[in-house]
Structures are given as C-alpha cells and as structure tokens.
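Here is a brisk report on one chain. Look at the sequence and the structure first, then read on.

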Amino acid sequence: MVPSEAIRGCLEQSGITLADVNHVAINQDGRANLWRKVAYTLAHRPDPRLVIDRLRNKRKRAGVEDELARAFPGQRLRARVHHIEHHLCHLASAFLVSPFEEAAAVSVDGFGDFASAAWGVGRGHSVGVDEKVYFPHSLGIFYEAMTQYIGFPYYGDEYKVMGLAPYGEPRYLDRMREIVRLRDGGAFELGLRFFRHAKDRVEYEWDDGEPKVGTLYTPALEEFLGPARAKDAPLTQFHKDVARSVQAMYEEAFFHLLNAVHRRYGLDALALAGGCAMNSVANGKVYARTPFRKLYIQSAAGDAGGAIGAAAYVWSKLNGARPEPMEHAYWGPEYGNGEIQALLEARRGEIAAAGCRVAREADEDRLCRTTAQAIADGLVTGWFQGRMEWGPRALGNRSIVCDPRRADMKDILNRKIKRRESFRPFAPSILREAVADWFETDDDVPFMMQVYPIRPEKRPQIPAVTHVDGSGRLQTVYRHTNPRYYRLIECFRDLTGIPIVLNTSFNENEPVVCKPEEALECFLRTKMDVLVLGEWVVRRGSNLRAEG
C-alpha cells in the first residue's frame, strides 16, 4: 500500500505529475538477506501462516507500479523504480542529510528486510552497511512487547513507557538480562521463549488507517514476571519499576552496540536512525555513555524516514553528490492567509456562537508580542503557521504553546484538551543561544530527539516542562529556520525572562492537525483559549484572563 495522498501532495506542491518523475525509490528490497530467510525457514519451520503472510506482503511491495497506476489513473509512470534495502535507507536517512562529512551510521528498529539493526560508515556522498543483527533478534520487538505487557497495547505506545520509567526503579534489570542477552561485537539476542514473532503469526493489520499489532509476548513472560497489566487497570509501582527496568535494559544493549561501533571506526560523529532512534531518553545519554561527541538524528527517524533515505541514496548514486543538510523539518503543506480568511468567513456564525472573536494582525512583531502576552497570561494557545512539520514531533508550526512557569499547566492542558496520562511530560522549546544556561548539555536538538537534564537551579522556574527526574525533551529553535516561532519565544522571554515555551502537538487525540479547518475544529471542540492561524487570531471571549 503506497502513501498515495502524500505522493499526491508532493506532486502538487512541485507542480508536476507522476509522468514527470524519473526515479522512484522504495525503502524495502525483497531480495535482501534472501539466503538468511531461506535458511531460517528451513531450520525453524515457523507457522505456515507466517510464511504465507510474508510472501503476500512481498507480492504487494513488488506491485508498487500497479498501485501507483490505480492511485493516479491516466498518469503513466515512466520512472525507474529502485528497491533499496530497509536498513541501508535508514543509514542514508541519517548520514546523507546530516552536517557530517564522515560519521558512524547506526540503525536500530523492529524489523525490515529480515534485519533489526545495521551499522556502517558514511563518507562524503556514500554510506554502507558493514554489520547487521538479523531476525528474530530485535531491540524494537523487545521494547514493543514489554510496552504491551505493561498495558499499553497500541502501536507506537513505547513513548508512554519512556515517560513512566522515571517513576520507578530498575528492580527487574537482572530479569531483563535474561530476556535480552548481549553478544560480542555489539550484537544482542532475545530469549525467544518470551516472544511469539519467531514462530507464530503475529497480526499486523491496518484498521481504519491505524496499525494494529497482535500480542508479541508468550505466556512464558507472564510466568517469569507476573501477570500482564490490562489496558485500563491501575498503574502500580510494579509497573513503574518494570518500565524503568525495560528502559535500562534497552540502554544497556543500545550503548553496548554504540561503544562497539566506536571501537571499530574511531569516529567522533554518529548518525542515528530507525524506530528505536525515537527513544529520546537514551539518545540524551549518548555523550555520557559513549565516546561520540557529535550526534545527528533527523526528524522522522522511524520508517517514515526511510522515504528520504531511499531518495537520498538514489540521488547521491546518480549525481555523485549528496543533498543539502536537513536543518529543519518544515516540508509539509502550507496554507495562505487568503485560505485562512475564507475559512473564518465561512465559519463566522459557528465561531460567534462559541463566544469567540476574530482579529487580523498583519504586523508580525505585534502578532508575536500579542500571542506571547496571551501565553504569559496562562492562556492555552494554538499556533498554526507555515509548512507542517515532517515527522512525529510538533516543532512550532502545528503546536499548542503554553507558559512553562505554571506548575498547574500540565493539569490545565489535560483538562482542556489532551486528557492524557498524568505521568507523560510536556516539552520545552528553547532559543538555541539559551541552552547552556538552562540545560546541563549544550547541544543542537532541532527535532526534539534528545532528553537532557535541566540545570537544578532552573527547574523551579519551568515546572510545566520539567519531568519528575529533572529532565526535559527540548527543541532548540533557530532564527534562520523558523523566524516567526523564534520571535514568539523572544517576545515571551522579554515579558517573563524565560527563553522557553511549553510546546505540545496541536491535536486532542486525533493525528496532529494539518489543515486550517482541522485546527479550527480542534479549537472549537476543546477549551483552548486562543488560536493563531497565520495572521489571524481567534480568541474566546470568556477566556480573556488566565485560568487561576
């Protein structure tokens, strides 16, 4: 299944049709690691349904030309189609758009093309794979299975385990070491008796646009650790301790791999990708627990980033050069003030009925100062600007922005909009030049991919973005990549002395808003106080003062 709407958006944005495309790059290659697949099947004789599913998926991927033809009738595909191995795409997505001329490149995820990890070196416009960890061993599967065990069943819930872990102690780390075992050369193995995926058919399905994953762990895991938590059961200290132990085990294996990679290549720079590169807590410890001194993780480190990896790899091969470094993530759709004005006029009656008033502020400096004052007054503010972010993080163009000084802001946000678990932290967006004053590590983190300790003396000033362990998953903001968001934070600093705002994704529980009408609908159905759509400001009349 190809992402036809994303392709359509890119073609429209570029003003071309499918017939104008010369090359299509796909981040999967069914021929990769073929003999290992055959050998594993013959040696282990997995459930026949598992083999049938894999063959069916392979046929679907091989038919991408047919899928494009169905999605774009009348637009003949003349392009050459390149199938690039999954982890090579991850390495390319990390290195080829990084600022490094030379770096170690590492990919760690669930699985792709029968491997779960790969590493090599990027130099100039090339990158390659030297070693891999193969199916059925996977740190991604370990973390996902343990996420399910703790009672978070949905695809992508691993971030909840990261948020919960600081509330516990690693009391079960010794048991985790029986579930994941470290091997020479940076490799690792799973205790397969605890996992179903090696022999059984585990359901991976799409249900109304949402991936659904079957249970990954076996009854042996419950015999070993105790009963799994049901989704709506209370979270006990046991679950918090298991979460901490899972994170500790992941870090142990992750840094075992990274240190082996550094010993092999002796390079200071690391380019990191794969779904596990979304583990911002571990990423924030790379400098402390390895000899690496420079780190780059692009904004869509997971499988979505395989698209840019495949494209960058093919482009570099064809041109003998590499793309420009990716300094920002603002590659998505954008909407002009005329479109926004038309929307607000069409919905004028509904907006008025909700007790809201609309004003336009064409002067950017005044717009930012007015919005900063609203934030400083404690108002929950939707901020919709420019191109949407590419990747899972809201980075200041599709964000809800709040005052980090208020200890009750997390509760206010959850009551008005998010309604999410109380243990999950909110993130700080900070002016780049202020990082050293507020965080113990002075680093570039443009994509919110690292968690660093906040300086102890600063934590009382920004309680809304300080996690229970004193850390924050920061985004460093730059004038040259997002001048309006930078100016907003500058104005907030001028008002409060704090060069930081709380930044969370612009949504309730649905996907992050993309279009102005989605932002307006989210604003109207929640208790958000202010909505800034480009130059237009929508404000609830009943919320002119902060909630106290």
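## Helices α6 and α10

Leu139, Phe142, Tyr143, Met146 and Tyr149 of α6 meet Phe238, Val242, Val246, Gln247, Met249, Tyr250, Ala253 and Phe254 of α10. Contact means heavy atoms within 4.5 Å. By class, this contact has twelve nonpolar, one polar and no charged residues. Ala, Val, Leu, Ile, Met, Phe, Trp, Tyr, Cys and Pro count as nonpolar; Asp, Glu, Lys and Arg count as charged; the others, Gly among them, count as polar.

Helix α6 covers residues 139-149 and helix α10 residues 237-265; they pack at about 180°, with axes 11 Å apart. That makes α6 roughly antiparallel to α10. Axes are lines fitted to C-alpha atoms, for helices over the stretch in contact, and angles run from 0 to 180 degrees between N-to-C directions. Angles under 35 degrees count as roughly parallel, over 145 as roughly antiparallel, 65 to 115 as roughly perpendicular and the rest as oblique.

## Model and overall size

This is a predicted model: local features need pLDDT of at least 70, side-chain atom pairs count only at pLDDT 80 or more, and totals for chains, interfaces and linings use all residues. Residues are numbered from 1 along each chain as its sequence is written, and side-chain values use heavy atoms, with hydrogens and water left out.

The chain holds 20 helices and 22 strands. Both are DSSP runs numbered from the N terminus: helices are H or I with at least four residues, strands E with at least two. The C-alpha trace spans about 70 × 60 × 45 Å along its principal axes. The radius of gyration is 24 Å, which agrees with the value near 24 Å for a compact globule of 548 residues. It is taken over C-alpha atoms, and the globule rule is 2.2 Å times the number of residues to the power 0.38.

## The eight-stranded sheet

Eight strands form an open, mixed sheet in the order β13-β22-β21-β14-β15-β20-β16-β19. Two strands pair if DSSP finds at least two bridges between them. β13 (356-360) and β19 (475-477) stand at the edges with a single partner strand each, so one side of each has no neighbour in the sheet. Neighbouring strands are turned by 25° against each other on average, direction ignored.

Strands β14 (residues 381-384) and β21 (residues 530-533) run parallel, joined by four bridges. Threonine 381 has valine 530 of β21 as its bridge partner. Two helices pack on the sheet. Helix α14 (residues 337-346) touches β13, β21 and β22 (536-540), and its direction makes about 35° with that of β22. Helix α20 (residues 516-525) touches β13, β14, β21 and β22; its direction makes about 175° with that of β21.

## Two further helix pairs

The axes of α16 (residues 364-376) and α19 (residues 483-496) come within 8 Å and cross at roughly 55°. The two helices are therefore oblique to each other. The residues of their contact divide into nine nonpolar, three polar and five charged.

Helices α5 (residues 86-95) and α13 (residues 306-319) pack at about 85°, with axes 7 Å apart. They are therefore roughly perpendicular. Leu88, Cys89, Ala92 and Ser93 of α5 meet Gly306, Ile308, Gly309, Ala310 and Tyr313 of α13.

## Backbone exceptions

Most residues other than glycine have a negative phi, and most peptide bonds are trans. Aspartate 113 has a positive phi, near 50°. It lies in the loop between β3 (102-112) and β4 (115-123). A cis peptide bond joins phenylalanine 135 and proline 136, with omega about 10°. Proline 136 lies in the loop between β6 (131-134) and α6.
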